[in-house]
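Open the model in your viewer and keep the sequence panel beside it. We will go stop by stop: what to select, then what is there.

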Amino acid sequence: MSYVREFVVCARHLNMRRAASELLMTQSNLSKHLKQLEAEVGAPLFTYTSNRLSLTPVGSRFLEGSSALLDMYENLHEGCRAYDEAERQGSQRHLVIQQHSLVDETARSYYRLIDTLRHSCDNLTISFAKASRRNFIHELKCGNINLCMDYRFGPLADIGREYRDAGLIWRHLQSEPLVVWCDRTHALNAPDLCPQDLRDVPILTPGDASAPMKRTVIDLCRAHGFEPTFITTPTTSQPEFLNAHRPEAVYVYPLSFTTTPLLRGFESMTAVPFASGDVRLSSFAVTTPDTAAAVPELARLLAEDDRPSL
């Protein structure tokens, strides 16, 4: 391969002296190597006039193939070096994790789990990405993401059974009350609030497909016999979405989100709990068996949960 590299340098300079200078070798040794290469090829590659070189037709054809051959060799060489480095340091693994947009107790649990995972794996890299909540199971099974956070409304056993039937591995993170966040003067600001009161009230939701709460609100309303009415607000950030509030509309949030500094600044708004204590939001960390097999540390973390026996 070194003779081929020397040939390419000579073809570039078409001058023995300059080629030998770049290659840090004597002209006599360079000339000898070229002669040996021509003997292997079976045809002259250059015509020689003093120090001046000219490519023969065979030499021009050989140059085309030599450049591609050297590129392949360099790629192979770098690949082998990277493989050897990985073998010596342990195989590097990478996870793409769904970015969670709310700042609530679930987010704290979710990111604590990720932080524990990061510190338990020396050879694991992590990146974050938005994932559509409209079909997060598809995103997981296609490998677009490896771990996601899912909000659900309903009995834990039923939710766990759905995950199991979909072939997923999960961990229950939190269960906490859902509340309605609305103007203090809104009709829903009442001590006897129930889910049916949302029947004729527009509920604000962001247009972002990764918004975490819309599916939960749909499940909540359907469980009480009606379809929700949404007002979709195009937005690129949570503050923009919150400031887009319309007086006749409400938000539905986990209670811990409404206690964050982001919402405490809205003095005209209030969080109204449902009178019934069973209007609760559950959240889960979810992955696939393939990801769990590739990262056993994640499988162990997801096994440390309080999900019910199914």
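## Stop 1: a nonpolar patch

This is a predicted model. Start by selecting Tyr73, which sits in helix H4, residues 57-89. Together with Tyr73 they make a nonpolar surface patch of about 250 Å².

## Stop 2: two leucines with positive phi

Go to Leu14. Leu14 lies in the loop between helix H1 (2-13) and helix H2 (16-23). Check its backbone: phi of Leu14 is near 50°, a positive value in a residue other than glycine. Leu14 has 23% relative accessibility, so it counts as partly exposed.

Next, select Leu24. This residue is in the loop that runs between H2 and helix H3 (27-41). Phi of Leu24 is near 60°, again positive and again in a residue that is not glycine. How exposed is Leu24? Its relative accessible area is 79%, so Leu24 is exposed; the cut-off for that label is over 50%.

## Stop 3

Select helix H12, residues 296-303. Which residues of H12 are buried? They are Glu297, Leu298, Leu301 and Leu302. These four cover an arc of only 135° around the axis, so they are on the same side of H12. An α-helix has 3.6 residues a turn, so residues three or four places apart point the same way.

Turn the view to the face of H12 that points away from the buried side. There you will find the exposed residues Arg300 and Ala303.

Now show what lies over the buried residues. Their cover includes three strands: E3 (93-98), E6 (169-183) and E11 (280-287). The helices H5 (105-120) and H11 (289-294) are also part of this cover.

## Stop 4

Follow the chain on from E6. Cys194 is in the loop between E6 and strand E7 (202-206). With a relative accessible area of 27%, Cys194 is partly exposed.

Finish by picking Cys194 and Arg61 together. How many residues separate them in sequence, and what is the distance in space? They are 133 residues apart in sequence and 82 Å apart in space, C-alpha to C-alpha.

Key: Residues are numbered from 1 along each chain as its sequence is written. This is a predicted model: local features need pLDDT of at least 70, side-chain atom pairs count only at pLDDT 80 or more; totals for chains, interfaces and linings use all residues. Side-chain values use heavy atoms; hydrogens and water are left out. Patches are made of residues with over 30% relative accessible area and no salt bridge: like charges are joined within 9 Å, nonpolar side chains (Val, Leu, Ile, Met, Phe, Trp, Tyr) within 5 Å. Accessible areas come from the Shrake-Rupley method with a 1.4 Å probe; for residues, only the protein chains shown count as cover. A salt bridge is a side-chain nitrogen of Lys or Arg within 4 Å of a carboxyl oxygen of Asp or Glu. Buried means under 20% relative accessible area, exposed over 50%, partly exposed in between (1.4 Å probe, protein chains only). The arc is that of the directions from the helix axis to the C-beta atoms. Contact means heavy atoms within 4.5 Å.
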